[in-house]
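Please keep the sequence and the 3D view open while you read.

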Amino acid sequence: MAAAVALVALVVLLLQQQHCAIGQQVPGYFIFGDSLVDNGNNNQLQSLARADYMPYGIDFPGGPSGRFSNGLTTVDVIAEQLGFDDYIPPYVTASGQDVLGGVNYASAAAGIREETGRQLGGRISFSGQVRNYQNTVRQIVDILGSEDAAADHLGKCIYSIGLGSNDYLNNYFMPQFYNTGSQFTPEQYASDLIRRYTQQLQTLHHYGARKIAVVGVGKVGCVPHMMDMFGTKGSKCIQNVNSAAQNFNKQLKKLVVDLNKELKDAKLIYINSYGMSDGDPTILGNICFKYITSGCCKSREDGQCVEGETPCSNRKEYVFWDSFHPTETGHKAVADRTYKSLLPSDSDPFDLHSLAALDIGKQ
């Protein structure tokens, strides 16, 4: 009897050390970002940037969860593609051994700069998300019993980082609340963001991140809210906003190249979300859209869905769910091209699927 108990204990220990379900490509998936991938971290904050009410989540199992979508987000789809049995939990609810499989730290309205999004209330900036990750690492050390075991585990995990959009939408191009637009040229502002971004990446690397996907800023000048704000009402993207985003993306891509040279024990890839919108605007990947300049739900003045309003029924034909965020179909199109590139320009030096399969120790 004692031998049987010992055998069971050994099997459990081995499974804990593997931390990977059958078919799961990586043991964990750690997510940093803003409302594009927030899945509930803002629900308990005093903030206007919350999506814990209908019609958000109308197509999500269980209804509103805090996702700024009618259903899944990009990282939910990617988690499925990576072989996870469930979606990555938000930091506010992740506990116990669940943290071994990854945590979502994303926060709506968050930016790289600390003040970004403050007019909307509570949010967790990039640096705050990194501090929360450090807390998670300490939990993982306790669970696995040593820093070496934790480092081995974390080195096999995928890290996804997508911030910067709000630093333009809810900072640089919002002069009624911020002075950064007069303080910096677009090039200077991008450089300031990249300097701060670099510091957080270095901290993540120090705390075990080795396989890192860095997501560029999309065409923020083409979101319905920005076109309305600049008076083009869906007829024309705001070029100076898109140009500023391109400044940031150019420097971010260079940062990835530089860090790949500097950090010999890590690998970073750049996801070109901006470029995924090039070409026919009605087609994203292999998915066709009918409505590309308006949201599916009736939106408030701040661009989010009006609570309790009935959204459009033909949601798969829309790129945008509200005046900022994609529908589940829009998210899926981006996730597909992030996980496996459709075009060589979608990612550099390779896609997320290849990053997941990479053995960092054998580069």
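In what follows, a residue is called buried when its relative accessible area is under 20%, exposed when that area is over 50%, and partly exposed in between, using a 1.4 Å probe and protein chains only. Helices (H or I, at least four residues) and strands (E, at least two) are DSSP runs, numbered from the N terminus. The structure is a predicted model, in which local features need pLDDT of at least 70 and side-chain atom pairs count only at pLDDT 80 or more, while totals for chains, interfaces and linings use all residues. Residues are numbered from 1 along each chain as its sequence is written, and side-chain values use heavy atoms, with hydrogens and water left out.

**Covered helices**

- Helix H2, which spans residues 74-81, is mostly covered, since 6 of its 8 residues are buried; these are Thr74, Val75, Asp76, Val77, Ile78 and Ala79.
- The buried residues of H2 pack against strand S1 (29-33), helix H10 (328-339) and helix H11 (352-357), where contact means heavy atoms within 4.5 Å.
- After H2 comes Gly83, a residue whose phi is positive, near 95°.
- Helix H5 (residues 165-172) is also mostly covered, with 8 of its 8 residues buried, and the cover over these residues includes helix H6 (180-183), H7, helix H8 (224-229) and H9.

**Helix pairs**

- Helix H3 (residues 126-144) packs with helix H4 (residues 147-154) at an angle of about 120°, and their axes are 8 Å apart; axes here are lines fitted to C-alpha atoms, for helices over the stretch in contact, and angles run from 0 to 180 degrees between N-to-C directions.
- H3 is therefore oblique to H4, because angles under 35 degrees count as roughly parallel, over 145 as roughly antiparallel, 65 to 115 as roughly perpendicular and the rest as oblique.
- On the H3 side, Tyr133, Val137, Ile140, Val141 and Leu144 take part in the contact, and they meet Glu147, Ala149, Ala150, His153 and Leu154 in H4.
- By class, this contact of H3 with H4 has 8 nonpolar, 1 polar and 1 charged residues, where Ala, Val, Leu, Ile, Met, Phe, Trp, Tyr, Cys and Pro count as nonpolar, Asp, Glu, Lys and Arg as charged, and the others, Gly among them, as polar.
- Helix H7 (residues 186-206) and helix H9 (residues 239-262) pack at an angle of about 35° with their axes 9 Å apart, and their crossing is right-handed.
- The residues of the contact of H7 with H9 divide into 11 nonpolar, 5 polar and 2 charged.

**Backbone details in the loops**

- The peptide bond from Met54 to Pro55 is cis, with omega near 15°, and Pro55 lies in the loop between S1 and H2.
- A cis peptide bond also runs from Asp348 to Pro349, with omega near 5°, and Pro349 belongs to the loop between S9 and H11.
- Ala109, found in the loop between H2 and H3, has a positive phi of about 75° although it is not a glycine.
- Ala109 counts as buried because its relative accessibility is 3%.

**Single residues and their surroundings**

- Ser347 is found in strand S9 (residues 347-348), and its relative accessibility of 6% is why it counts as buried.
- A polar atom of the side chain of Ser347 lies 3.3 Å from the backbone oxygen of Phe350, and, not counting residues up to four places away in sequence, Ser347 touches Tyr270, Ile271 and Ser341.
- Asn272 is found in the loop between strand S4 (267-271) and strand S5 (283-284), and with a relative accessible area of 16% this residue is buried.
- Leaving aside residues up to four places away in sequence, Asn272 touches Ser345 and Asp346, and a polar atom of the Asn272 side chain lies 3.1 Å from the backbone oxygen of Ser345.
- Gly162 lies in strand S2 (residues 158-162) and, at 21% relative accessibility, counts as partly exposed.
- Although Gly162 and Leu36 are 126 residues apart in sequence, they are 8.6 Å apart in space, C-alpha to C-alpha.

Methods:
A polar contact is a pair of N or O atoms within 3.5 Å; within protein, one must be able to donate a hydrogen and the other to accept it, and residues adjacent in sequence count only if both atoms are side-chain atoms. A crossing is left-handed if the near helix is turned anticlockwise from the far one by less than a right angle, and right-handed if clockwise.
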